[in-house]
Amino acid sequence: MQAEPGSLAGSFRPEEPSRRILRDETLLVLALSLGASGVSALISFVGSVTKPGGLKDQAATMNASAAPGRPWLDLAWQLFGIATALVPVALVAHFLLREGAGLRTIGFDRSRPWPDLGRGAAIAAVIGSTGIAFYLAARGLGFNLTVVPEDLPDVWWKYPVLVLSAVQNAVLEEVIVVGYLLRRFGQLGWTPMAALVGSSVLRGSYHLYQGIGGFLGNMAMGVVFVLLYRRWGRVGPLVVAHSLLDIGAFVGYALLAGKVGWLPTP
């Protein structure tokens, strides 16, 4: 039976999620994505530091073949991994839509494409050069593993997959670690400083598999990204910057590894 206009049933609206619900959903999102990656990276780091030999003599490979010698099966696994890694982003979008907000509220939309592209390119230019110098210094001091950004076979889909992997990393990290997490921290009553520290430490934690340098460098990048997000109110430029940084790292390594003396290889 339909409710009459103006009746209690007809005017019913869902209640706002409680703090407990917001806290639990945030923990679940992290457990399904970058929080789990942080625990995995910590275990990997413990394994590296307890292994005989220095950190720089060990390698951390990021984009590896999933089916060596079987390129079509390998491609299927690569695309599957990229697609499933974005499921937590879809979950975040669902939670934000439930609030009547959506991804637009964190600035992940196409409303300002050119400012997002321009700002993102500028960020990538500054952080990219600084990041390379920091990585080389950290590795030289023995604080970092030798990072191998890609180890895919030389097949036609290699570079498209590297670009897709870079964009997937950027979307996953910036939407969750910056846009979503800062919104939830605010709703849960965290101070701005505590939220900045929490977001930045999380970003550093899931890069710990690279070594102390990877942890500290990415934590510093996290601080910068949080401050820029608070200034602009958009994760769009951060996604662009992160995509360009990872594309440069993945594709650059594929093109230069073994051909220039300054780029460390295993």
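How much accessible surface does the protein have, and what share of that surface belongs to carbon and sulfur atoms? Hello everyone, let's start there. The accessible surface is about 14,200 Å², and 67% of it belongs to carbon and sulfur atoms; areas like this come from the Shrake-Rupley method with a 1.4 Å probe, and for residues only the protein chains shown count as cover.

A word on the source. This is a predicted model, in which local features need pLDDT of at least 70 and side-chain atom pairs count only at pLDDT 80 or more, while totals for chains, interfaces and linings use all residues. Residues are numbered from 1 along each chain as its sequence is written, and side-chain values use heavy atoms, with hydrogens and water left out.

Now the overall picture. The protein has nine helices and two strands, in the order α-α-β-α-α-α-β-α-α-α-α from the N terminus. Helices here are DSSP runs of H or I with at least four residues, strands are runs of E with at least two, and both are numbered from the N terminus. The C-alpha trace spans about 75 × 45 × 40 Å along its principal axes. Of the 266 residues, 43% count as buried, that is, under 20% relative accessible area, with a 1.4 Å probe and protein chains only.

Let's look at one pair of helices. The axes of helix H8 (residues 212-232) and helix H9 (residues 236-256) come within 10 Å and cross at roughly 150 degrees. The axes are lines fitted to C-alpha atoms over the stretch in contact, and angles run from 0 to 180 degrees between N-to-C directions. So H8 is roughly antiparallel to H9, a label for angles over 145 degrees. Where the two helices meet, H8 brings residues including Met221, Phe225 and Trp232, and H9 brings residues including Pro237, Leu238 and Leu245.

Finally, two leucines. Leucine 96 is in helix H4, and it counts as buried because its relative accessibility is 0%. Leaving aside neighbours within four places in sequence, leucine 96 is in contact with several residues, among them Leu103, Ile106 and Tyr180; contact means heavy atoms within 4.5 Å.

Not counting residues up to four places away in sequence, leucine 103 touches Val92, Ala93, Leu96, Phe108 and Val175. Proline 160, by contrast, is 57 residues from leucine 103 in sequence and 26 Å away in space, C-alpha to C-alpha.

Definitions and conventions:
Buried means under 20% relative accessible area, exposed over 50%, partly exposed in between (1.4 Å probe, protein chains only). Angles under 35 degrees count as roughly parallel, over 145 as roughly antiparallel, 65 to 115 as roughly perpendicular and the rest as oblique.
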